Amino acid sequence: MDPASQDINLNSPNKGLVVDHSDSLSDVPVEGAAEGAVGNAANPLPPGLTEEEAEELRTELTKVEEEINTLRQVLSAKERHATELKRKLGLSPLTELKQNLTKSWQDVQTSNAYLRTTEKLGEWNERVTSLDLYKKTQETLSQAGQKTSAALTTVGTVISKRLGDMRNSATFKSFEDKVGNLKYKVVGPKGNGEAVTSPTDTTPTQENPPF
């Protein structure tokens with residue numbers, strides 16, 4: 001008697017009876033086989049690809065993904081090492097950004113696209129400056145500038161002449177004389193070396209006041 005098929009439960013009414021599990025075990029699906037069947041149903045193979053070739057591609061894909069993960073770890077370690085070296089050299093992120101911008105601008109200036117664009121702009125500039133409309137516009141602006149300068153000069157000359165006429169007028173001379181007389185009264189003849197006396201100095205002092 002097979003011990004695995006005998007009921008060993010002492011309290012069971014079937015004690016000692018043989019239980020046949022062959023039918024029940026045959027109905028239980030194998031887990032790996034079930035997953036494989038589900039996977040094949042979900043991802044059918046492309047036409048012309050055998051199962052052996054698909055298995056080889058899966059194996060190669062697994063190896064490539066492992067290599068990618070390894071390279072990512074190596075790159076991360078290199079970046080940390082580079083950051084530490086920059087910190088020791090005193091290179092701040094701002095300095096690095098300036099260097100990158102300068103290098104990028106130099107690369108742009110030496111690029112073929114930039115050089116071609118510069119040449120095109122030069123050609124367009126030559127074409128525009130050689131047009132009759134551009135020349136006429138430039139001449140018109142030049143004449144307008146000359147006329148404006150002449151007008152300003154004329155205005156300045158007129159103002160100067162008007163000021164000269166005003167100073168030579170009788171009204172201005174009379175006003176100038178009054179200002180001179182007022183200055184003489186306030187300041188006094190300092191030019192002749194005479195001392196300026198205050199109004200209180202004009203009152204004579206009495207040596208013998210009457211009693």
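Glu-84 and Arg-87 sit three residues apart in helix α3, so about one helical turn separates them. Helices here are DSSP runs of H or I with at least four residues, strands are E runs of at least two, and both are numbered from the N terminus. The two side chains form a salt bridge, with the closest N and O atoms 2.4 Å apart. A salt bridge means a side-chain nitrogen of Lys or Arg within 4 Å of a carboxyl oxygen of Asp or Glu. Glu-84 is partly exposed, at a relative accessible area of 31%. Arg-87 counts as exposed, at 56%. The cut-offs are under 20% relative accessible area for buried, over 50% for exposed, and partly exposed in between, with a 1.4 Å probe and protein chains only.

This is a predicted model, in which local features need pLDDT of at least 70, side-chain atom pairs count only at pLDDT 80 or more, and totals for chains, interfaces and linings use all residues. Residues are numbered from 1 along each chain as its sequence is written, and side-chain values use heavy atoms, with hydrogens and water left out.

Side chains of opposite charge can pair when their charged atoms come close. The count for this structure is four salt bridges. Glu-55 and Arg-58 make one of them, at 3.3 Å from N to O. These two residues are also three apart in helix α3, and so about one helical turn separates them. Glu-55 is partly exposed, with a relative accessible area of 43%. Arg-58 is partly exposed too, at 34%.

Lys-103 pairs with Asp-107, and their closest N and O atoms are 3.3 Å apart. Both residues lie in helix α4, four residues apart, about one turn of the helix. Asp-107 is partly exposed, with a relative accessible area of 40%. Helix α3 covers residues 51-89, 39 residues in total. At 1.5 Å a residue it should span 57 Å, and its end C-alpha atoms are 57 Å apart, so the two values agree. The expected span is 1.5 Å times one less than the number of residues. Just after α3, Gly-90 takes a positive phi of about 80°. Thr-83 lies in helix α3 and is exposed, with a relative accessible area of 52%. From Thr-83 to Pro-93 the step is 10 residues in sequence and 9.9 Å in space, C-alpha to C-alpha.

The surface also carries a nonpolar patch. Trp-105, Val-108, Tyr-114 and Leu-115 form it, with about 360 Å² of accessible area together. Helices α4 (93-109) and α5 (112-129) each give two or more residues to this patch. Patches are made of residues with over 30% relative accessible area and no salt bridge; like charges are joined within 9 Å, and nonpolar side chains (Val, Leu, Ile, Met, Phe, Trp, Tyr) within 5 Å. Val-108 sits in helix α4 and is partly exposed, at 37%.

The whole structure has one aromatic pair. Trp-105 and Tyr-114 have ring centres 6.0 Å apart and planes at 75°, so the pair is edge-to-face. Rings of Phe, Tyr and Trp (its six-membered ring) pair if their centres lie within 6.5 Å; planes under 30 degrees apart are stacked, over 60 edge-to-face, and the rest tilted. Trp-105 is partly exposed at 45%, and Tyr-114 is partly exposed at 31%.

Last, the whole chain. Seven helices and zero strands make up its elements. Of its 211 residues, 1% count as buried. Among contacts (heavy atoms within 4.5 Å) between residues at least 6 apart in sequence, 0% join residues at least 24 apart. The chain exposes about 19400 Å², and carbon and sulfur atoms supply 59% of it. Accessible areas come from the Shrake-Rupley method with a 1.4 Å probe; for residues, only the protein chains shown count as cover.
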